[in-house]
Amino acid sequence: VYKRQRYNLLYQHPSDWHNNQGVIRQAEEQGMGIILMRPLTSGVFQRLMAETFPEIDVLDVGRLLLNYVLSDPYVDVALVGMREPRFVELNNEISDDVASRIDLAALHDRYVR
């Protein structure tokens with residue numbers, strides 16, 4: 001039985017790139033699919049960035065957050081709440097843009113180690 005855990009840019013431990021561990025890796029080993037809820041941090045990270053850097057485009061922050069979790073090859077589905085039709089279109093755009101995925105292993109090797 002797996003305990004529900006958050007996985008997004010703020011909570012990265014469920015998919016540990018350094019040690020190839022975490023609940024996401026364990027679920028994958030068991031042949032389970034990975035479905036994420038709230039990969040956009042429920043707006044917490046966006047609000048923090050907007051308060052800290054008022055010039056930043058919050059939509060770009062959301063794009064980064066969604067692209068981060070979709071870049072993880074272990075993630076099968078990312079459930080995202082969308083309050084306006086334009087967000088549906090934006091999230092579909094991000095989901096379809098496979099060329100903009102992040103090499104998470106290289107990112108962690110360079111900045112996290």
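## Salt bridges

Glu 93 and Arg 63 join their side chains in a salt bridge, 3.7 Å from N to O. A salt bridge here is a side-chain nitrogen of Lys or Arg within 4 Å of a carboxyl oxygen of Asp or Glu. This pair links distant parts of the chain: Glu 93 sits in helix H4 and Arg 63 in helix H3, 30 residues apart. Helices (H or I, at least four residues) and strands (E, at least two) are DSSP runs, numbered from the N terminus.

Glu 93 is partly exposed, at 47% relative accessible area. Arg 63 is partly exposed too, at 31%. Buried means under 20% relative accessible area, exposed means over 50%, and partly exposed is in between (1.4 Å probe, protein chains only). The structure holds two salt bridges. Arg 86 and Glu 84 form a salt bridge as well, with their closest N and O atoms 2.7 Å apart.

## About the model

This is a predicted model, in which local features need pLDDT of at least 70, side-chain atom pairs count only at pLDDT 80 or more, and totals for chains, interfaces and linings use all residues. Residues are numbered from 1 along each chain as its sequence is written, and side-chain values use heavy atoms, with hydrogens and water left out.

## The nonpolar core

The largest nonpolar core has 21 residues. Such a core is a set of buried Ala, Val, Leu, Ile, Met, Phe, Trp, Tyr and Cys residues joined through side-chain atoms within 4.5 Å. Tyr 7, Ile 34, Leu 36, Leu 66 and Val 69 touch the most other members. Helices H1 (23–29), H2, H3 and H4 (85–96) each supply at least two residues of this core. H3 gives the most, with five.

Take Val 69. Not counting residues up to four places away in sequence, Val 69 touches Tyr 7, Asn 8, Leu 36, Pro 39, Val 75 and Ala 78. Contact means heavy atoms within 4.5 Å.

## Two buried loop residues

Thr 41 is found in the loop between S1 and helix H2 (44–52). Thr 41 counts as buried because its relative accessibility is 7%. A polar contact of 3.1 Å joins its side chain to that of Gln 46. Polar contacts are pairs of N or O atoms within 3.5 Å; within protein, one must be able to donate a hydrogen and the other to accept it, and residues adjacent in sequence count only if both atoms are side-chain atoms.

Ser 71 lies in the loop between helix H3 (58–70) and S2. Ser 71 is buried, at 11%.
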